[in-house]
Amino acid sequence: MSLNEAKRIAAHRAVDEWVWDNAAVGIGSGSTVVFAVERLAERVKSENLQIACVPTSFQARQLIIEHKLKLSDLDRNPQLDVAIDGADEVDNDMILIKGGGGCLLQEKIVASCAEKLIIVADYTKNSKKLGDQYKKGIPIEVTPMAYVPIKERIQKRFGGNVKLRMAIAKAGPCVTDNGNFILDWEFDNDKIYKWKEVNHDLVMIPGVVETGLFINMATIAYFGMPNGDVTTQRSDTTT
């Protein structure tokens, strides 16, 4: 089974198990969420579901519109029943790295407004500890004027290497939907980190807008496997 098929079966099962009539749903970003929206549109059509969809990015908004789903926002739906999103990596403690696609701030805001955060991914995103699978580092969204001092402070405080993410098919850095830059912190994978404390310290640096560490947020993760099965991993700390 291809990675896309693995993503598809994970996303379809999550939508089937966590979306119901009159639900307000946060729509995440990334390649796996494409299949979640695909399945959601199928169910809306076949079951006549009334669903309000709140996007986490320009990409998610376009997917909602393309599939003729009801587009909403946090002004109209400040409390969501569920958010369905992907992840770049999920470790044994259900700590996530997100933001490989540059949408981490809005993804975290939407996830924080949802009663349940459901993660959909293929098997390559599952690891024992952060950094085992995802080698691009932890994305950190920062204000443009402060990226150099922030970069230096992170390297001095935590080690590793911090890079300014550069855009593709555009001269200069990647600019988020919020007009910010993204730093990718390639941390020392041989070092043991207390991620909750690290996240707290990072967000306290002036100019850091948000990090791609999602801690104690996900309820369950669905992983599409090469043999066509879907495995799940649940959090013991979320409610």
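**Exercise 1. Locate Lys68, and state whether it is buried or exposed.**

Step 1. Lys68 sits in the loop between H3 and S3; helices (H or I, at least four residues) and strands (E, at least two) are DSSP runs, numbered from the N terminus. The model is a predicted one, in which local features need pLDDT of at least 70, side-chain atom pairs count only at pLDDT 80 or more, and totals for chains, interfaces and linings use all residues. Residues are numbered from 1 along each chain as its sequence is written, and side-chain values use heavy atoms, with hydrogens and water left out.

Step 2. The relative accessible area of Lys68 is 75%, so Lys68 is exposed (buried means under 20% relative accessible area, exposed over 50%, partly exposed in between; 1.4 Å probe, protein chains only).

Step 3. Lys68 is not a glycine, yet its phi is positive, near 60°. Most residues other than glycine have a negative phi.

**Exercise 2. Carry out the analysis of Exercise 1 for Asn48.**

Step 1. Asn48 belongs to the loop between helix H2 (31–47) and S2.

Step 2. Asn48 counts as exposed because its relative accessibility is 56%.

Step 3. The phi of Asn48 is positive too, near 55°.

**Exercise 3. Describe the surroundings of Ser57.**

Step 1. Ser57 lies in the loop between S2 and helix H3 (58–66).

Step 2. With a relative accessible area of 4%, Ser57 is buried.

Step 3. Leaving aside neighbours within four places in sequence, Ser57 is in contact (heavy atoms within 4.5 Å) with Ser29, Cys103, Gln106 and Asp177.

Step 4. The side chains of Ser57 and Ser29 are joined by a polar contact of 2.6 Å. A polar contact is a pair of N or O atoms within 3.5 Å; within protein, one must be able to donate a hydrogen and the other to accept it, and residues adjacent in sequence count only if both atoms are side-chain atoms.

**Exercise 4. Give the strand order of the open sheet and name its edge strands.**

Step 1. The order of the seven strands is S3-S2-S1-S4-S7-S13-S14, with mixed pairing (two strands pair if DSSP finds at least two bridges between them).

Step 2. Strand S3 (70–71) and strand S14 (230–234) each pair on one side only, which makes them the edge strands.

Step 3. Strand S1 (residues 24–27) pairs with strand S2 (residues 52–55) in the parallel sense, over four bridges. Val25 has Cys53 in S2 as its bridge partner.
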